[in-house]
Amino acid sequence: MAKITLQDIRHSYIDNPVTEDDWALKHMSVDWADGTACALLGPSGCGKTTLLNIISGLLDPSEGKVLFDGKDMTGTPTDQRNIAQVFQFPVVYDTMSVYDNLAFPLRNRGVSGAALESRVHEIAAMLDLEETLHSRASGLTADGKQKISLGRGLVRADVSAILFDEPLTVIDPHLKWMLRSKLKELHQQVGATMIYVTHDQTEALTFADQVIVMHEGTVVQIGTPVELFERPKHTFVGHFIGSPGMNLLPCEIRDGAAFFAGTRVETDHAVKPAGAAKTTQIGVRPEFISFADQGVAVEVVKVSDAGRHSIVETQAGDHVIRLLLDEGEKAPEGQAFLHFDPGHTQVYADGWMVE
Amino acid sequence: MARKTTNQKAWFLVVPVVVLVAFNAVIPLMTVVNYSVQETFGDNVFFWEGVKWYEQVLHSARFHASLLRQITFTGIILAIEIPLGVAIALTMPKKGFWVSVCLVLMALPLLIPWNVVGAMWNIYALPELGLLGRIINGLGINYNFTQQPIAAWFTTIMMDVWHWTSLVVLLAYAGLRSIPDAYYQAAKIDGASGWAVFRHIQLPKMKRVLTIAILLRFMDSFMIYTEPFVLTGGGPGNSTTFLSIDLVKVALGQFDLGPAAAMSLIYFLIVLLTSWVFYTLMMKNEEQ
């Protein structure tokens, strides 16, 4: 178990990166306290896997340092880093039985006898693999194989961190739920640092205490699920997290306030003059918009039922504004006015929140 | 219920393939079967002999000797070419400019006609003229493949290894390249040694291509004719007279068509049966 620090990391898969786009990971420094359950969230190709492979040592960063408990581990080979990693697609050793697969990482590190046996049985019981323990691993379904991969990641008790690279992609939905809560349970039991890469926000928000949102090779926000939801630092976070995502409306800044389509919109933070910013936007989540007697004039276009609440789609000029209504509330028809909750309405300059 | 339409004219559609198979497989094979149970003195006059030729071949010391030579030869070249081919494939680069260079170099021996390979090695290994022959003799070893059976075997095996190891390399390399990176990454995470990676990842993933490689090399080497014929002509004495060389001597040298036909069929059955048993065993293991 260890605290993991990335210091001024940059990485490029090209030998001589020139433009900013050549970097798969742009400059970043991140800290993981010992025992964190952290999710790395972002769309495909944003550099999540690259970051994970740098931590485990499968990849050497072009620049910067990887520290475990303050000790420089950059350049240390993977097998000496004491890291477990589970990959997106199942990796099993076909010629071995399920038992031998699970025992493999321990045997390679000199564990044997009763200690080995009890640990393998413990992990197998946790993942419901006991019945197939002595059959050949190659005969199992994709689910079963991925459980073995997970098991090999979890079997070593003394690892610095366990890294998961979208481990539940190939798993059936009903098993996904079960395995996710198993992982969470396990995290509480052993308290190992866990870093979980995913592009699924539900997965990230249910698993982690801390979520790192990545976009095009940069970290856009680090925070708790609540922080990401209530105060997204970047329009990308607002848009990516939440269903439906945050409404983003172009605005004008004058007299220390934001104006959308000529209507003054109250925001929690005093709005500074935007200065050199190319674009300014108002961001407000559908959860924090309500119908009112005055405010932003819109036309109600569509109401769709989403179970506990309904999603109302309205149109203000060329812009679509979505809001949520609780069960039982009725949406007006035709012309209406919207009120944005000032405490949850932010102004963004060039994508970043103005504070 | 709809009446089934019957149209016998459809048979005409399969006529071309029936004719083709008849002329290139069935008729030649049946001709050999025909010869193997009869005696002929020319003029298309045949006498029924039953299984006499088969008994004669199976009890012939000469056939036993060439069969033993053949099995030894095939065994030796498989024992060299398969491990060597895998070893070379493992050391070949995985990406970049050198991949193409290596692949072209490896493919070259496979593109040379078999009798040219025989002629090349004949000249190459000549004790007085050839580079190899002179070097070996220069080292103080008395080497003359036209007179010493051991030297003849050594040269024939070297020639086959030179000619055909590439095939094993290319197949094994293709097998290795199909292993996803995640396997190697997982092995690093699991702390697996280089040997464990080979034993538990690379070898199992190469199993199918190696099965094909062994089958191809078994069949080809078991039927080898041109190269040793050009190199040693089966000599010195009978020391490198493998099955096909012996068969040609019986059929065309002595014109014993009956025994030669019986020998051909026994030969054919040995190759077919061995290949079938080997393939079935390998694939049965796969399913478990």
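Biologist: How many Å separate the centres of domain 1 of chain B and domain 2 of chain B?
Modeller: This is a predicted model, and the distance is taken between domain centres over C-alpha atoms. The domain assignment gives domain 1 of chain B as two stretches, 22–59 and 256–288, and domain 2 as 68–245. The separation of their centres is 29 Å.

Biologist: What classes of residue make up the side of domain 1 of chain B that touches domain 2 of chain B?
Modeller: Seven residues of domain 1 of chain B are in contact with seven residues of domain 2 of chain B. On the domain 1 side, charged residues are absent, and the classes are five nonpolar and two polar.

Biologist: Which helix gives the largest share of the side of chain B that touches chain A?
Modeller: Between the chains, 13 residues of chain B are in contact with 20 residues of chain A. The elements of chain B that give two or more residues to its side are helix H8 (181–189) and helix H9 (194–222). By class, that side has seven nonpolar, four polar and two charged residues. The largest share is six residues, and it comes from H8(B).

Biologist: How many helices and strands does chain A have?
Modeller: The C-alpha atoms of chain A fill a box of roughly 75 × 50 × 30 Å along the principal axes. Buried residues make up 39% of its 355 residues. The count for chain A is eight helices and 22 strands.

Biologist: How many Å separate the centres of domain 1 of chain A and domain 2 of chain A?
Modeller: In chain A the assignment gives domain 1 as 4–235 and domain 2 as 245–353. Their contact takes six residues from domain 1 and ten residues from domain 2. The domain 1 side of it has one nonpolar, two polar and three charged residues. Taken over C-alpha atoms, the distance between the two centres is 38 Å.

Biologist: Which strands are the edge strands of the open sheet of four strands in chain A?
Modeller: The strand order in this sheet is E2-E1-E4-E5, with antiparallel pairing. An edge strand pairs on one side only, and here the two are strand E2 (23–32) and strand E5 (71–72) of chain A.

Biologist: What is the bridge partner of Leu40(A) in E9(A)?
Modeller: E3(A) runs parallel to strand E8 (residues 193–198) of chain A, and five bridges join them. In E8(A), Leu40(A) has Val197(A) as its bridge partner. E3(A) also pairs in the parallel sense with strand E9 (residues 210–215) of chain A, over four bridges. The partner of Leu40(A) in E9(A) is Ile212(A).

Biologist: Why does Gly223(A) count as partly exposed?
Modeller: Gly223(A) lies in strand E10 (residues 218–223) of chain A, and it touches Val211(A) and Leu228(A), not counting residues up to four places away in sequence. A residue needs 20 or more C-beta neighbours within 10 Å to be buried, and 12 or fewer to be exposed. Gly223(A) falls in between because its number of C-beta neighbours inside 10 Å is 17.

Technical notes
Residues numbered from 1 in each chain as written. Chains lettered and ligands numbered in written order. Predicted model: local features only at pLDDT ≥ 70, side-chain atom pairs only at ≥ 80, totals over all residues. Domains from an automatic or database assignment. Contact = placed C-beta atoms within 7 Å. Nonpolar A, V, L, I, M, F, W, Y, C, P; charged D, E, K, R; others polar. Pairing = 2+ DSSP bridges.
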